[in-house]
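This report considers how the parts of one protein chain are arranged and how selected residues are placed within it. Please consult the sequence and structure shown here.

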Amino acid sequence: MDRRKFMAGCLGGGLGLPLLAQAGGAQAQAGLSKIIFPFAAGAGGDTLCRLIAQEMAPALQRTIVVENRTGGDGLIGIKAVKGASPDGNMVLVTTGPTMYLLPMVETTPSFDTAKDFMPVSLLARFEFAVVIGPAIDAADFKSFVAWLKAHPDKTSFGVPSNGTIPHFMGSKLEKDLGIPLTRVPYRGSAPILNDLIGGHLSFGIVTLADALPQHRAKGVKIIAVSSPERSPFAPEVPTLKESGIDLVADAWYGMWLPAGSPPEFASKLGAAASAALAKPEVKEKLTAIGLIPVGSAADGLTKELAANTAFWQPIVKATGYKIEN
């Protein structure tokens with residue numbers, strides 16, 4: 001599998017915000033900090049970075065710049081922070097799946113999250129959805145499963161890319177349902193939704209934020225969400241667990257420093273990020289693009305990473321999926 005296709009299509013649209021968040025003359029006092037976001041500008045995670053950068057700058061008394069270091073499915077930015085001086089001047093914000101899936105699927109892991117990085121804070125969550133098109137005669141997830149069993153030649157499903165959480169969600173569904181499923185990788189969510197509307201796919205697994213506009217317009221139907229509880233963005237839609245599938249698969253953004261960074265600065269940085277995420281105006285802007293603000297101490301991020309790694313590792317291993325590097 002070509003690494004360029006890994007992790008594509010899991011980031012939603014974002015708001016245009018300035019690159020620089022500055023607190024008066026703080027640059028001369030405390031220098032410059034960079035938040036490295038390893039994906040393109042304009043996506044949901046990029047918006048998250050820029051919002052918290054603006055809010056954290058006064059608290060940290062320093063200028064904060066958001067820098068998009070794209071490439072390698074997040075690896076370029078991750079390695080930049082891994083190799084940075086542990087002086088607090090370079091911070092990584094990325095998705096949880098890049099930090100636990102990449103080491104699982106690379107033939108030779110490029111980094112060890114626990115050894116190479118210092119956890120700072122869990123920032124925000126986003127969710128995935130199981131979506132069907134108007135050609136499928138099913139009212140909910142359970143009736144859709146019955147439909148799949150009655151149409152074994154129509155079990156194709158779309159994912160935003162191979163190697164993503166939706167890919168491995170499909171593998172888990174195939175095992176749990178006992179139905180052979182045919183995975184079709186796409187470049188992002190938009191073409192999946194188009195093919196669902198056109199009747200070319202039976203179902204898709206995409207981010208909830210990507211599916212919501214067409215769901216609300218009745219172009220497609222979300223029949224289940226993968227979060228532990230019903231989503232605040234679609235409270236009428238049951239979770240997979242409510243539908244009889246033991247699967248929780250939300251994703252999230254986290255913040256890390258290079259290993260060896262001063263613990264007191266990590267604590268201060270995490271507190272500033274959490275305070276930013278607690279502000280009503282920040283919450284409003286993030287929820288508008290399908291992100292659920294969280295904010296936590298370092299141990300919250302550590303526990304989340306450990307739980308996700310333990311859950312997905314056997315599932316990923318069973319698929320045999322690898323990226324050559």
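The sections below treat the domains, their interface and the surroundings of one arginine.

## Domain arrangement

The model is predicted. The protein is divided into domain 1 (32–126 + 251–319) and domain 2 (127–243). Their C-alpha centres lie 28 Å apart.

## Interface between the domains

Contact between the two domains involves 16 residues of domain 1 and 13 residues of domain 2. Together the domains bury about 1,100 Å², of which 84% is on carbon and sulfur atoms. Phe126, Ile292 and Trp312 supply 40% of the area that domain 1 buries against domain 2, more than any other three residues.

On the side of domain 1 that touches domain 2, the elements giving two or more residues are α4 (96–105) and α12 (298–319). Helix α12 gives the most, with 5 residues. By class, this side of domain 1 has 13 nonpolar, 3 polar and no charged residues.

## Surroundings of Arg183

Arg183 is located in strand β8 (residues 182–185). With a relative accessible area of 34%, Arg183 is partly exposed. Leaving aside residues up to four places away in sequence, Arg183 touches Phe157, Val159, Asn162 and His167.

The side chain of Arg183 makes polar contacts with the side chains of Asn162, at 2.8 Å, and His167, at 3.4 Å. Asn162 lies in the loop between β7 (156–159) and α7 (165–177). Because its relative accessibility is 12%, Asn162 counts as buried.

Note on methods: Residues numbered from 1 in each chain as written. Predicted model: local features only at pLDDT ≥ 70, side-chain atom pairs only at ≥ 80, totals over all residues. Heavy atoms only, no water. Helix = DSSP H or I, 4+ residues; strand = E, 2+ residues; numbered from the N terminus. Buried < 20%, exposed > 50% of the residue type's maximum accessible area, 1.4 Å probe, protein only. Contact = heavy atoms within 4.5 Å. Polar contact = N/O pair within 3.5 Å; in protein donor to acceptor, adjacent residues only side chain to side chain. Domains from an automatic or database assignment. Buried area = accessible area lost by both parts, 1.4 Å probe. Nonpolar A, V, L, I, M, F, W, Y, C, P; charged D, E, K, R; others polar.
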